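Please consult the sequence and the model displayed below while reading.

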Amino acid sequence: MKFKVAGVDSLIIEFGQQINKKTSMLVFKNYKILKNYFLEVTPSYTTILVRYGYQKSYEEAVKKIKELIDLNIDEYNSTQKIITIPAFYNETVGYDLKRVAIYHNLSIKDVIKKHSQKIYDVYAIGFLPGFAYMGSVDIPTPRIPPRKLVPKGSIGIASYQTGIYPLDSPGGWNIIAKTYIELFSEKLPNFSLLKVGDKVKFEPITKNEFINKGGVID
């Protein structure tokens, strides 16, 4: 674990350099502890950003964090429920589905199976409001040159991560499916369906199910 200055009243705690299950659990566990003691605590893949405010020094903040932090995850189990996301896997909305299959020398059916059979951990929220970075996929695929517009609800892969576009946006992820679920809305608690520490599973659905629930084929 390392501490780094991040600003005049903030610091970064680094729990590791690799994105993996253990580091994710450490980040999430300690995010929940520290957010009760500091002005702002923001988790990411392997780090936590802590804003402690002008009334504390960097040294005082580090001392307090060392008193609070817990690096024991042996007995720690996330109690987060699994959130199921209906996903319409089809080339009409998954523009890169065939290319991802060719890249891995798999059939499209196998790509769908590999992507939908895993339970993913939400490691971070960013890029767009409500955009959850999740990992890790078994079919890591390099990013592509950004499209000018990726439709809201598109489900993509970038390297070992998977994510869902909560809004229309430019983007360079490999799009393999689409959901009709709202990821970012003022009707949702904290405006976002997903948060760090959540677990997500994609459930393949038919075209009729997708359309009947409000899904749009662009």
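Which residues are buried in α2? In this predicted model, the buried residues of α2 are Ala61, Val62, Ile65 and Leu68. They lie on the same side of α2, because they cover an arc of only 130° around the axis. An α-helix has 3.6 residues a turn, so residues three or four places apart point the same way. The face of α2 turned away from the buried side bears Glu59, Lys63, Lys66 and Glu67, which are exposed. The cover over the buried residues of α2 includes β1, β2, β4 and α1.

The strands form an open sheet of four, with antiparallel pairing and the order β1-β2-β4-β3. Because β1 (2-7) and β3 (40-43) each have a single partner strand, they stand at the edges, and one side of each is left without a neighbour in the sheet. On average, neighbouring strands of this sheet are turned by 20° against each other, direction ignored. Between β3 and β4 (residues 47-51), which run antiparallel, there are four bridges. Within this pairing, valine 41 stands opposite valine 50 in β4.

| Helix | Residues | Strands | Angle |
|---|---|---|---|
| α1 | residues 21-34 | touches β2 (10-14), β3 and β4 | about 15° with β4 |
| α2 | residues 58-68 | lies across β1, β2 and β4 | about 140° to β1 |

Terms used. Residues numbered from 1 in each chain as written. Predicted model: local features only at pLDDT ≥ 70, side-chain atom pairs only at ≥ 80, totals over all residues. Heavy atoms only, no water. Pairing = 2+ DSSP bridges. Helix = DSSP H or I, 4+ residues; strand = E, 2+ residues; numbered from the N terminus. Axes fitted to C-alpha atoms, helices over the stretch in contact; angles between N-to-C directions. Contact = heavy atoms within 4.5 Å. Buried < 20%, exposed > 50% of the residue type's maximum accessible area, 1.4 Å probe, protein only. Arc of directions from axis to C-beta.
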